[in-house]
Structures are given as C-alpha cells and as structure tokens.
Amino acid sequence: MKEKTVRTQWTILMVIFVIVFSITQLSCEKENNCENFQIGILKNLIGFDGCGWAIQLSDSTKLEPIDLSDFDIELEENKSVYVQYQGKPEMSIYQVGQTVIIDCIEDCQKNEG
C-alpha cells in the first residue's frame with residue numbers, strides 16, 4: 001500500500017514538473033527582436049569562485065557571456081530569455097560552458113501580451 005502511495009506521489013510530481021516546464025518554454029514563443037534566437041534561462045553563478053552569470057539553453061548547453069552587462073536586462077535567477085550569440089574562441093572564465101559574445105538578449109516575459 002505504501003509503495004502505491006509513493007508511486008502516485010511521484011507521478012503527480014512528474015506531471016507538475018512537466019506542466020511547469022512546458023509553460024515556461026511556451027511563454028517564450030512570442031515575438032521578439034532577436035533573429036535566429038534560442039531560448040535560455042539565466043543562471044546566477046556568482047557564489048562560485050570567479051564566476052558571474054551564465055545562460056542555460058533548452059538543450060542544457062551552458063553559455064558564459066562576456067558582455068552581459070552591456071545589455072539592459074534585469075538579471076534574475078531562472079529568468080527565461082531569448083538570446084542570440086556568437087561563440088568566442090577564448091578560454092572559459094569559470095569553465096561551465098562555452099564563452100560567447102551576446103548579439104541580442106531579451107526578457108521573454110517582456111514580450112508577452
């Protein structure tokens with residue numbers, strides 16, 4: 001009986017997770033000014049030695065933008081963003097992802113409506 005209850009709770013949790021993840025991703029399907037964009041999530045890595053902000057793409061690729069402060073975007077943990085970038089053949093600063101130069105970045109929620 002206990003095993004059935006745990007399995008049911010686990011199933012409910014997975015359904016909730018899928019729904020929340022889907023809503024987050026679908027909320028980013030609105031118009032934006034970034035051409036050839038990808039959808040990403042801002043990740044705050046400031047607590048790690050020498051780190052700053054990173055962007056995690058929907059395929060789990062992590063980007064280390066070197067010019068994020070050049071853009072007028074409020075940095076907030078787990079914020080969904082549209083991002084267009086160029087790879088930069090440079091040593092990774094905090095070695096969690098690919099070093100990139102941002103061409104365009106916009107808050108997904110800013111464009112909802």
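This is a predicted model: local features need pLDDT of at least 70, side-chain atom pairs count only at pLDDT 80 or more; totals for chains, interfaces and linings use all residues.

Visitor: Okay, what is I55 in contact with, neighbours within four places aside?

Guide: Its partners are G40, I41, L42, T61, K62, L63, P65, V81, V83, I102 and I105.

Visitor: And which residues make up the largest nonpolar core?

Guide: There are 12 residues in it: L42, W53, I55, L57, L63, L68, I73, V81, V83, V100, I102 and I105. A nonpolar core here is a set of buried Ala, Val, Leu, Ile, Met, Phe, Trp, Tyr and Cys residues joined through side-chain atoms within 4.5 Å. Buried means under 20% relative accessible area, exposed over 50%, and partly exposed in between (1.4 Å probe, protein chains only).

Visitor: What about A54, buried or exposed?

Guide: A54 is buried, as its relative accessible area is 2%. The residue sits in strand β2, residues 53–57; strands (E, at least two residues) and helices (H or I, at least four) are DSSP runs numbered from the N terminus. Beyond four places in sequence, A54 touches I41, L42, K43, L45, L63, P65 and Y94.

Visitor: Switching topic: how do the strands run in the barrel?

Guide: Five strands make a closed barrel in the order β1-β2-β3-β5-β4, with mixed pairing. Two strands pair if DSSP finds at least two bridges between them. β4 and β5 (residues 98–107) run antiparallel and are joined by seven bridges. Y82 has E106 in β5 as its bridge partner.

Visitor: How many aromatic pairs are there?

Guide: A search of the whole structure finds one. F37 and Y82 form it, edge-to-face, at 4.9 Å centre to centre and 80° between the planes. For the cut-offs: rings of Phe, Tyr and Trp (its six-membered ring) pair if their centres lie within 6.5 Å, with planes under 30 degrees apart stacked, over 60 edge-to-face and the rest tilted.

Visitor: Where are the two residues of that pair?

Guide: F37 is in the loop between α1 (2–26) and β1 (38–44), while Y82 is in strand β4 (residues 80–87), 45 residues apart.

Visitor: Why does Y82 count as buried?

Guide: Because its relative accessibility is 0%. F37 is at 31%, so F37 counts as partly exposed.

Note on methods:
Residues are numbered from 1 along each chain as its sequence is written. Side-chain values use heavy atoms; hydrogens and water are left out. Contact means heavy atoms within 4.5 Å.
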